[in-house]
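Q: Hi! I have a new protein open on my screen, could you walk me through it?

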Amino acid sequence: MLPILYSYRRCPYAMRARMALSYAEIPVEIREISLKEKPAHMLQVSPKGTVPVLVLPDGKVIEQSLEIMQWALQQRDADGWLSADPQSTALLIAENDGAFKQNLDRYKYAIRFPQHSAEDYRQQGELFLAKLELHLQQSAFLIGNAMSLADVAIFPFIRQFAAVDSVWFEAAGYIKLKLWLQSLIESALFQGVMAKYPIFTDENA
Ligand SMILES: N[C@@H](CCC(=O)N[C@@H](CS)C(=O)NCC(=O)O)C(=O)O
């Protein structure tokens with residue numbers, strides 16, 4: 001029996017989990033869900049109801065994307081994604097998952113957050129883009145001289161930020177960030193985890 005990954009193709013948290021599992025060459029049964037109709041088994045093993053959720057054959061459940069990544073890399077880490085400085089990694093990912101993600105959501109769905117304009121939220125988000133740009137002026141990767149956990153954990157969120165208004169993003173600076181983003185988007189790793197699956201429902205389980 002394979003581990004089961006409850007996933008949602010376009011979810012950035014699920015993307016980073018799928019990328020780590022794929023990199024670690026861990027075969028999983030991908031169960032693409034509908035966020036509006038979550039499978040009963042998923043909610044039974046993980047009542048919080050977010051994806052990704054990994055269910056291991058021994059029944060262990062890992063229900064945070066970063067923990068899924070870490071678990072995968074502990075199984076196999078051929079290119080040393082875990083070799084980058086752990087403290088810098090944790091800080092950068094925490095900023096991504098915290099303030100940046102909040103600004104990303106507000107920028108993307110500005111109509112639901114009328115206190116400020118989309119441009120204001122975008123400017124707040126740009127603080128993080130500028131920080132990443134500085135990191136990438138030192139090296140082609142966010143931390144150290146090689147791809148690491150931080151690149152893969154953060155990349156899907158930057159991709160989403162860039163896509164909110166691609167005309168704006170194209171015209172913006174962030175030269176190194178654009179190169180970094182493009183090379184991750186074009187990578188076989190990312191393309192491989194964006195395959196489409198039929199939706200898994202209780203009816204077709
Ligand atoms: N902290 C969680 C966040 C996961 C998350 O928020 N996923 C979103 C989709 S991108 C979700 O499942 N939301 C539940 C819903 O929309 O019903 C993780 O890192 O795995």
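A: Happy to! This is a predicted model, where local features need pLDDT of at least 70, side-chain atom pairs count only at pLDDT 80 or more, and totals for chains, interfaces and linings use all residues. Residues are numbered from 1 along each chain as its sequence is written, and side-chain values use heavy atoms, leaving out hydrogens and water.

Q: Do β1 and β2 run parallel or antiparallel?
A: Parallel: strand β1 (residues 4–7) is joined to strand β2 (residues 29–32) by four bridges. Strands here are DSSP E runs of at least two residues, helices H or I runs of at least four, numbered from the N terminus, and two strands pair if DSSP finds at least two bridges between them.

Q: Which residue in β2 stands opposite Ser7?
A: That is Glu32.

Q: OK, new topic. How many residues does the largest nonpolar core have?
A: It has 56, and Leu21, Leu129 and Trp180 are among those with the most contacts inside it. Such a core is a set of buried (under 20% relative accessible area, 1.4 Å probe, protein chains only) Ala, Val, Leu, Ile, Met, Phe, Trp, Tyr and Cys residues joined through side-chain atoms within 4.5 Å.

Q: And which helix gives the largest share of this core?
A: α6, with ten residues.

Q: What does Leu129 touch?
A: Its contacts (heavy atoms within 4.5 Å) include Phe100, Ile158 and Trp168, not counting residues up to four places away in sequence.

Note on methods: Buried means under 20% relative accessible area, exposed over 50%, partly exposed in between (1.4 Å probe, protein chains only).
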